[in-house]
Amino acid sequence: MPNNQGERHPFLDDLTADAELTSSVLRGSVIGRDKIKLAVNTVGTFYASQNPTFLETVGSRLFLEYEAVLTSGESLNAVVVVDRNPDGSVPRVSVRMKPLGAVLSLAANLRGALSDQLPEDLFL
């Protein structure tokens, strides 16, 4: 979800320095604000379109669902769970995606784009 007219990103702007990202497209966790921003922004480059379908905050968690079409033409559905600290900062983000074919395509693209910038054991 790009920032338009100064809107804040639902979580990237609030990541703690040592935040953790887990995702269906990764074998392990991405740790650290800058690495998470890199990973999330890179994933976005493989989206031809993205349409939010649900956004709700329950207690200290934000739930975001969206549908996307990959640049390969495959459809993808995702649920993002963002944990917030009492001060609003974000220590954890979890992104779960389906179906498996689109997840594997996205994972391969992510490996190709980031294997020289993030640890090799993160990638599927």
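Author: Let's start with a cut-off: buried means under 20% relative accessible area, exposed means over 50%, and partly exposed is in between. Keep in mind that this is a predicted model.

Reader: Okay, so why is arginine 92 called partly exposed?

Author: Arginine 92 has a relative accessible area of 42%. That falls between 20% and 50%, so arginine 92 is partly exposed.

Reader: And what makes the contact of arginine 92 with aspartate 83 a salt bridge?

Author: The test is a side-chain nitrogen of Lys or Arg within 4 Å of a carboxyl oxygen of Asp or Glu. Here the closest N and O atoms are 3.2 Å apart, so the pair passes. Aspartate 83 also has a salt bridge with arginine 61, where the closest N and O atoms are 2.5 Å apart. Aspartate 83 sits in strand S5 and arginine 61 in strand S4, so this pair ties together parts that are 22 residues apart in sequence.

Reader: How do you know whether aspartate 83 is buried or exposed?

Author: Aspartate 83 comes out at 11% relative accessibility, which is under 20%, so the label is buried.

Reader: Which other salt bridge can you show me?

Author: Arginine 111 and glutamate 120 meet through their side chains, at 2.1 Å from N to O. Arginine 111 is partly exposed at 26% relative accessibility, and glutamate 120 is partly exposed at 45%. As for shared partners, salt bridges join Arg61, Asp83 and Arg92 into one network. The structure holds four salt bridges.

Reader: Turning to the nonpolar side, what makes up the largest nonpolar core?

Author: That core has 35 residues, and Tyr47, Leu76, Val93, Met97 and Leu106 have the most contacts inside it. Two or more residues come from each of strand S1 (15-23), helix H1 (33-44), strand S4 (61-70), strand S5 (75-83), strand S6 (90-98) and H2. H2 gives the most, with six residues. In soluble globular proteins, nonpolar side chains tend to be buried together.

Reader: What does leucine 106 touch?

Author: Leaving out residues up to four places away in sequence, leucine 106 touches Val25, Val43, Phe46, Tyr47, Leu70, Leu76 and Met97.

Reader: Last one: what kind of peptide bond joins lysine 98 and proline 99?

Author: A cis one, with omega at about -5°. Proline 99 is in the loop between S6 and H2. Most peptide bonds are trans.

Notes:
Residues numbered from 1 in each chain as written. Predicted model: local features only at pLDDT ≥ 70, side-chain atom pairs only at ≥ 80, totals over all residues. Heavy atoms only, no water. Core = buried A, V, L, I, M, F, W, Y, C linked by side-chain atoms within 4.5 Å. Buried < 20%, exposed > 50% of the residue type's maximum accessible area, 1.4 Å probe, protein only. Helix = DSSP H or I, 4+ residues; strand = E, 2+ residues; numbered from the N terminus. Contact = heavy atoms within 4.5 Å.
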